[in-house]
Amino acid sequence: MTLTDGNSAVEVNGIELEINTRGSGRPILFLHPEIGFDRAGPMLDLLAKKAKVISPTNPGFGKAKAPPNFNSTDDLAYLYLDLLEKLDLRDVAVVGTGLGGWVAAQMAIKSTARMSRLVLIDAFGVKNGDRVTRDVFDMYYVTEADLAKVVYFDQKFTERDLSKLPDEELYAMARARESTSLYGWKPYMHDPKLKGRLHRIHIPTLFLWGAEDKIVAPDYGRAYAAAVPNAKFELIDRAGHFPHVEQPDETARRALTFIEGN
Amino acid sequence: MRVFHFTEQPYSPAWVDHGGALRITIPNSKCDPKLAGDLLHRYYDEWQLADELGFDIMVNEHHSTATCMASTVVVTLSVLARITKKARLLVLGYPLAHRPDPLRAAEELATIDVISRGRLNMGFVKGVPSEFTPSNANPVGIEERYWEALDFIVKAMTTHDGPFNWESENFHYRQVNIWPRPMQTPHPPVWSTTGSKHNAQRLGERGYTMATLGTGYATKPLYDAYRESYRASFHREPPPDRFGYLGLVAVGSTEAEARRRGELVADYLRTLPFTPAPFRNPPGYISVDDNVRLMKAGGRPPSRTQTKDGRIINMMTGSVQDLIDAAMMFCGTPDQVYNQITQFAESCGGLGNLLSMTHAGFMSHEDTVENLSLFAKEVLPRLKEYKQPNQAVAAE
């Protein structure tokens, strides 16, 4: 089957996936971060100038609750591998940010048969430090308002009056918060087995990292990248945990350069 | 009507310079273990006295907090099972959603039922929002985990013909076969708390006892939701003993003395704000719809505590008079307290169990003993004789 531009629903293994498609050209599978698609628009439009960007919504983040027994990034990874198969896509560049980066890594350790490039942006998923070191900032140890101050480098992104946002955005925020916890509460934002399996990734892989990320610091990304054979690691200046929000032009440019490179 | 003496076993010495956090983040350097021991011994003495005076007993559990030293209520129950004689021992509650292992819960509670010679009431709760941080249980999916754990415990306590197996998404056990089995048959009574009609109905279907806290004169609609589903399941009216209500109790030989004790016991409610904000609403604890409502309201849930004339009060900041008006507190001379309690019971269409917070905060041993003794002498005998309102009429 082929996707039409805009929003569509695709059934994969009995799960109805909400998918947004934009642009044309080689396929990019964009996996959204823990805040859902909030503020991802500019980045997606920039990618869509050079590629066909396919963006599924994780079960639980959209209108439907996650199906029973669906509670790990492993479940998401198999779902999206099945999606690539259903759409019969090849040479797919998988771009994931935050939680989406974790899902992208979980896909790549299983099969890269339909993938040719992997871009992980400020991705969760591994544990590097010792048992008393929390590698990922405890996002539940601060209020939502204070969390935003940690997440963003440019504090203008933290100024948001929730009481003035439309219902649709509030629902998306509430679902995203709940579903992030569904997939990442314990073990907290990582899979203890992932790091030992990253050696299986043999496609060109780029780690893009906000130089000012305080949720998962650049050193976390460097250690993550070091576990993937021949992976590149690059910093995006003046960006915190979400470079795709704070520096969409630079983030999209670097991702596309890598995806289109030889 | 039964009356259960309840204290949260506070470590009140730390309530002085807590800097805004009495829970979750307050360092335990503020706890002097010697003083903690003294206080716990005292609370056990008071429960023993309550037992002798004809009260039943209620205990609970909280984590990482100076407001409640029972971090594992099984310890409290174990001691009480041995040192008390007559009182029903109500745990309300045992926080199932924080616990990874319902088999362990079944074993602990069955043993306590045996030691107490069949005096246990098993109150199960999901657990308060802020304690998903210390327990690190995922707050998403607690509803399903809670009910499954409860079903498992009941099955473990009622299976007597050898081992059974249990494999589900949440729990995996082989050859379950608990020893000893509980004294009460088919199992100790199950209780739970709720503030929602949906859960009240769920409890009514099963005939479990429901208790509420902080609902004041808005309690009856919750009880009615229970009654409706109980009738559908059992084809009769639920007896009054299926309902419990937690109230603060301060009695005095004069009104002035009672008011002074009322101020002391109100400290239980007044410490509620000292839970650091990040832990009050973990993801998935309340529904997406409720979260959206909360965001629109600026992050503060609206108070639902209602007085008899429909006024909403804030139980954390309300005066003793506000708390009396809302039936959050029963406070006054013995006659006044008896009238307040029975008037409230009438408004609920019947109430079989008063969960009486007869000690809280800084209330001294002498005040607590006097509060218990006066209540036992002047109020309790009349409540035991109290004739519940006609159920059929009340249910209309």
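1. Between them, chain B and chain A bury about 2000 Å², and 61% of this area is on carbon and sulfur atoms. On the side of chain B, the residues that lose the most area to chain A are B:Pro283, B:Val288 and B:Met295, which together account for 28% of what that side buries. Please keep in mind throughout that this is a predicted model.

2. Counted by residues, the interface brings 22 residues of chain B into contact with 20 residues of chain A. The polar part of the interface comprises eight residue pairs in polar contact, both partners being at pLDDT 80 or more. Helix H10 of chain B, residues 288-296, gives the most to the side of chain B that touches chain A, contributing six residues. Sorted by class, that side of chain B holds 13 nonpolar, six polar and three charged residues.

3. Which side chains meet in a salt bridge between the two chains? The count between chain B and chain A is one salt bridge, and the side chains concerned are those of B:Lys296 and A:Asp167, with an N to O distance of 2.7 Å.

4. Within chain B, helix H6 (residues 197-206) packs against helix H7 (residues 220-234) at an angle of about 35 degrees, and the two axes lie 7 Å apart. The crossing in which H6(B) passes H7(B) is right-handed. From H6(B) the contact draws on residues including B:Ala200, B:Leu203 and B:Gly204, while H7(B) supplies, among them, B:Leu222, B:Ala225, B:Tyr226 and B:Phe234. By class, this helix contact is made up of eight nonpolar, four polar and three charged residues.

5. Two peptide bonds deserve a look on the display. In chain A, the bond joining A:Lys186 and A:Pro187 is cis, with omega about -10 degrees, and A:Pro187 is placed in the loop between helix H5 (167-184) and strand S7 (205-210) of that chain. In chain B, the bond from B:Thr185 to B:Pro186 is cis as well, with omega near -5 degrees, and B:Pro186 lies in the loop between strand S6 (172-176) and strand S7 (190-193) of chain B.

6. A further backbone point concerns A:Asn13, which has a positive phi of about 50 degrees although this residue is not a glycine. Where does A:Asn13 lie? A:Asn13 is found in the loop between strand S1 (6-12) and strand S2 (15-22) of chain A. As background to this point and the previous one, most residues other than glycine have a negative phi, and most peptide bonds are trans.

Key: Residues are numbered from 1 along each chain as its sequence is written. Chains are lettered from A and ligands numbered from 1 in the order in which they are written. This is a predicted model: local features need pLDDT of at least 70, side-chain atom pairs count only at pLDDT 80 or more; totals for chains, interfaces and linings use all residues. Side-chain values use heavy atoms; hydrogens and water are left out. Contact means heavy atoms within 4.5 Å. Buried area is the accessible area (1.4 Å probe) that two parts lose on being put together, summed over both. A salt bridge is a side-chain nitrogen of Lys or Arg within 4 Å of a carboxyl oxygen of Asp or Glu. A polar contact is a pair of N or O atoms within 3.5 Å; within protein, one must be able to donate a hydrogen and the other to accept it, and residues adjacent in sequence count only if both atoms are side-chain atoms. Helices (H or I, at least four residues) and strands (E, at least two) are DSSP runs, numbered from the N terminus. Ala, Val, Leu, Ile, Met, Phe, Trp, Tyr, Cys and Pro count as nonpolar, Asp, Glu, Lys and Arg as charged, and the others, Gly among them, as polar. Axes are lines fitted to C-alpha atoms, for helices over the stretch in contact, and angles run from 0 to 180 degrees between N-to-C directions. A crossing is left-handed if the near helix is turned anticlockwise from the far one by less than a right angle, and right-handed if clockwise.
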